Amino acid sequence: ARKAELGCAEQLRRLRDAHDADRREWEQQMELLSMSEKRSEEHAARLAQQLRAEKASFEDQVAKLRAAEKRNEDRILLIMQKQQEAKRQQEQHTRGIAACGW
């Protein structure tokens with residue numbers, strides 16, 4: 001009976017040791033997963049911030065391009081108006097010369 005008791009105690013000790021080892025391994029894996037999750041979240045936050053900065057930069061570039069496009073359109077209109085005025089003045093001058101009999 002004593003021998004059987006020792007055998008059971010030994011088995012119980014082995015089971016506890018195995019259980020403790022398994023528990024420690026699971027705890028380590030959980031810690032690694034938690035650290036990995038935290039790194040992933042931090043990386044995602046950095047990427048989101050980078051995307052927001054790039055978006056703001058692109059929006060600024062688009063605004064500058066639109067402003068430049070507007071200035072170019074205004075210049076084109078001004079040039080066309082000057083050309084029309086010059087043409088009108090040339091036609092008046094030509095009519096004036098013709099009226100004088102040249």
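Colleague: Asp60 – buried, exposed or partly exposed?

Modeller: In this predicted model, Asp60 has a relative accessibility of 40%, so Asp60 counts as partly exposed, since that class covers values between 20% and 50%.

Colleague: And which side chain does Asp60 meet in a salt bridge?

Modeller: The partner is Lys64, with an N to O distance of 3.3 Å, and that value lies within the 4 Å cut-off for a salt bridge. Lys64 is exposed, because its relative accessible area of 55% is over the 50% limit.

Colleague: How far apart are Asp60 and Lys64 in helix α1?

Modeller: Asp60 and Lys64 are four residues apart in helix α1, which corresponds to about one turn of the helix.

Colleague: What about the accessibility of Arg13, and that of Glu10?

Modeller: Arg13 has a relative accessible area of 41% and is therefore partly exposed, while Glu10, at 27% relative accessibility, also counts as partly exposed.

Colleague: How many salt bridges does the count come to?

Modeller: The count comes to ten salt bridges. One of the others I looked at is between the side chains of Arg23 and Glu27, which meet at 3.3 Å, N to O.

Colleague: What is the spacing of Arg23 and Glu27 in helix α1?

Modeller: Arg23 and Glu27 are four residues apart in helix α1, so they are separated by about one helical turn. Arg23 is partly exposed, with a relative accessible area of 37%, and Glu27 is likewise partly exposed, with a value of 43%.

Colleague: Changing topic: which residues form the nonpolar patch on the surface?

Modeller: Ile76, Leu77 and Met80 form that patch, and together they have about 280 Å² of accessible area.

Colleague: Where does Ile76 lie, and what does Ile76 count as in terms of accessibility?

Modeller: Ile76 lies in helix α1, which covers residues 2–99, and its relative accessibility of 48% means that Ile76 counts as partly exposed.

Key. Residues numbered from 1 in each chain as written. Predicted model: local features only at pLDDT ≥ 70, side-chain atom pairs only at ≥ 80, totals over all residues. Heavy atoms only, no water. Patch = residues over 30% accessible without salt bridge, like charges linked within 9 Å, V, L, I, M, F, W, Y side chains within 5 Å. Areas by Shrake-Rupley, 256 points an atom, 1.4 Å probe, with all protein chains shown as cover. Helix = DSSP H or I, 4+ residues; strand = E, 2+ residues; numbered from the N terminus. Buried < 20%, exposed > 50% of the residue type's maximum accessible area, 1.4 Å probe, protein only.
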